[in-house]
Amino acid sequence: MNVKTGWMRLCAFLEGGSLLLLGGVVAFADDFGSHLKPLFEQSCIKCHGGEKTKGKVDLKALGSVEDLLAKPGLIKELIEVIDFADVINLSLGGESSSALLEHAVGYARSKGVAIVAAVGNEGTRGVAFPARYEGVIGVTSIDAKGSASAFSNYGEGVDLAAPGVDVYSAWEEEGIVSFSGTSTASAFVAGALAAEFSKNPTLPREQVVDLLYEFANESEKPGFDEFTGHGVLNIGRVDNRFDPYVADAAIVGYYFDPAQLREESVPFLVSVQNQGTLWLKNVELEVDLMGKTRKFMLSDLNPGEVKSERLFLESGPGKEGVRIQSRLRVLEREDAKPVNNVRASTITLPSK
Ligand SMILES: [Ca+2]
Ligand SMILES: [Ca+2]
């Protein structure tokens, strides 16, 4: 099966028109040449303050994200892409809704096209449009440790998280460049979705999207949450779901409830997830904190299940960073992926 991936703009824009992002495409249609090429040619690869680059799109006409979204030409382009794409990545967003854009999203949904969009990089409550629309997969950014990026917007409309901090990508003339932003994360999810559509041609599209959600790694608050939605994209778990012998326990992080940060002794959760396909009878968790080692035995973990232990940080907000080190050991089995069995973090609680 050939999955067609439509690119809208490869770039989103910061105020002043400097570059924010880009992304990567996984699969193309047979007719890529005839249909997508003109769009690629129009897409900007590099945008700095409205410079025209290498004979590509003239960026002088482009203003803020809001201006961009309000341009009828962009919506027309989107509609044209919908007619032949399976996945569309929208690495862009704005604060206000647009009737035209909402119409385009509704049209895409009616055609069974998946739309993936960045949640925005203002670090505030309120997901950008179009990511906030129902039916659009809103993607947020995490760093290398799997924590939500401080610059990511949050709230209703965050569905999934993917890497978005210091991500390396190819650049013009064999160069390499590092990008950060939810736009980068969005591209990973669009690529993963295109790959999974291709690998699961008989599954309804909505079910394939649900697979990405179901096999996402737990992150932030246990369960669905407004910072990382269903969790962090893990295409390996999706692909391993029919292998019945994967034993993999993972420390998925430390969660501090913002409502409890004012206390002098701040409670937090250490969470462990069974990211394999085997039921795990016993998993030993050790946590080093403030000169003491605490041991816990987590029993009876079903595939995908998360269990948490509550600990306390005697530091309080605004004090110096506290080192926390955690280790996991799966008893009676060999863990297939030891790399996620250890986590060392220095926690500094924000002053409130
Ligand atoms: Ca969560
Ligand atoms: Ca593991």
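1. Ground rules. Residues count from 1 along each chain as its sequence is written, and chains are lettered from A and ligands numbered from 1 in the order in which they are written. In this predicted model, local features need pLDDT of at least 70 and side-chain atom pairs count only at pLDDT 80 or more, while totals for chains, interfaces and linings use all residues.

2. Overall make-up. The chain has seven helices and 14 strands. These are DSSP runs, numbered from the N terminus (helices: H or I, at least four residues; strands: E, at least two). Of its 352 residues, 38% are buried. Buried means 20 or more other C-beta atoms within 10 Å of the residue's own, with C-beta atoms placed from the backbone.

3. Main core. The largest nonpolar core has 48 residues. Such a core is a set of buried Ala, Val, Leu, Ile, Met, Phe, Trp, Tyr and Cys residues joined through C-beta atoms within 7 Å. Val 116 and Leu 193 are among those with the most contacts inside this core.

4. A sheet. Three strands form an open antiparallel sheet, ordered S8-S9-S12. Two strands pair if DSSP finds at least two bridges between them. S8 (249–256) and S12 (306–313) each have a single partner strand, so one side of each lacks a neighbour in the sheet. S9 (residues 266–274) pairs with S12 over eight bridges. Pro 267 stands opposite Phe 312 in S12.

Note on methods:
A residue is buried if 20 or more other C-beta atoms lie within 10 Å of its own, exposed if 12 or fewer, and partly exposed in between; C-beta atoms are placed from the backbone.
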